[in-house]
Amino acid sequence: MKGQLSNFDRRKNYIILAENAYSGEDRKNAIKFYIKALKFKGSKADNVQILYNMAIIYDELDIPEKALKAYERIVRLDKREAGAYYGMAIMYERLKDKEKALNLYSKAVEIDPYYDRAYFYMANLYDEIGDKYKAIYYYQKVISLNPNDYIAYNNLGSIYEELKDYDKAYDMIKNSIQINPNYYKALFNMGVIYKKLNNHKKAIEYYDKSIENNNSYSDSYLNKSAIYIEEGKLKESIEVLTEGIKHNPYAKYLYYNRACCYARLNEIDKAIKDLRKALVIYPQIIEMINIDEDLDNLREDERFIALTNQRKKDI
């Protein structure tokens, strides 16, 4: 007669069941089996790994609060687990608590000074809250640890562009493109820089490259169309915007800019149709509509009046 399973074997079986459930995309049962496995004694290292797995699954299930608790349990087991602090920081970002996220990223790099992803997201957060110089510092830290991080180069170049340091911006974006010639955001940002340098031909060239690599990034169409509008080439702008809308049917500003072009060409019906679509997607765009001189020849049209009055009531 076979003896009963030992606690070690029970724990192992529950871990296997959890892994099989996860492989079958049954995340909820995977969690249940991991919880059962933790009821049986195991090594600290095994417990930490189970809790990491649970945190990742909770994240995938979009339950950041429970993911946080799993990471907190890891820290209680081992205060030197940099990955747990990093995981908590990611969750606090999801929960819109940027201050806690920054503190936890800082804790992660304090434990592991080579944690380049923690530096990356610290830089990203500092950029979001407007502290550009700290963002620059941490992106430079990322690049020093990972010289092939083309996204860090691109983001750094974007910050320099915002600071109007176009030489540094150009160098950073150039490095990004050299590492990954197909990264659409770097190609887009190079277009932005060339536009700031008044080189419209090169700007359009890079917007086209960005579109070629990702036609779902609506800003490339928007910026390209803006150059044509500036040059008075309204029909060319409409062609670009129409192509952009084909690939980005919910891009409010593509409809809005096309409406402005139609209005300037006195194609009133088409202009109002596009404004209606832009307003459905983003009602707050009424604020732009109310002051945009490009739309002045629509303001006496009954359809335009009805459309804008209705949106004022909705808001």
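**View 1. Tyr250 in the loop between α14 and α15.** In this predicted model, Tyr250 is found in the loop that links α14 (234-247) to α15 (252-264), where helices are DSSP runs (H or I, at least four residues) numbered from the N terminus. Tyr250 has a relative accessible area of 64% and is therefore exposed (exposed means over 50%, buried under 20%, with a 1.4 Å probe and protein chains only). Tyr250 and Ala278 are separated by 28 residues in sequence, yet their C-alpha atoms are 8.4 Å apart in space. Residues are numbered from 1 along each chain as its sequence is written, and side-chain values use heavy atoms, with hydrogens and water left out. Because the model is predicted, local features need pLDDT of at least 70 and side-chain atom pairs count only at pLDDT 80 or more, whereas totals for chains, interfaces and linings use all residues.

**View 2. The packing of α14 against α15.** The axes of α14 and α15, which come within 9 Å, cross at roughly 155° (axes are lines fitted to C-alpha atoms over the stretch in contact, and angles run from 0 to 180 degrees between N-to-C directions). The two helices α14 and α15 are therefore roughly antiparallel to each other, a term for angles over 145 degrees, as roughly parallel is for those under 35. The contact, meaning heavy atoms within 4.5 Å, includes Leu234, Ile238, Leu241 and Ile245 of α14 together with Leu254, Arg258, Cys261 and Tyr262 of α15.

**View 3. The packing of α5 against α7.** Helix α5 (residues 82-94) and helix α7 (residues 116-128) have axes that come within 11 Å and cross at roughly 25°; α5 and α7 are therefore roughly parallel to each other. On the α5 side, Tyr86, Ile90 and Glu93 meet Arg117, Ala118, Tyr121 and Leu125 of α7.

**View 4. Leu275 in the largest nonpolar core.** This core has 106 residues, among which Tyr71, Leu275 and Ile289 touch the most other members (a nonpolar core is a set of buried Ala, Val, Leu, Ile, Met, Phe, Trp, Tyr and Cys residues joined through side-chain atoms within 4.5 Å). With residues up to four places away in sequence not counted, Leu275 touches Tyr256, Ala259, Ile289, Leu295, Leu298, Phe304 and Leu307.

View 5. Lys96, in the loop between α5 and α6 (98-111), has a positive phi of about 70° although it is not a glycine, and at 70% relative accessibility Lys96 counts as exposed. Lys164 lies in the loop between α9 (150-162) and α10 (166-179), and its phi, near 65°, is likewise positive.

Terms used:
Angles under 35 degrees count as roughly parallel, over 145 as roughly antiparallel, 65 to 115 as roughly perpendicular and the rest as oblique.
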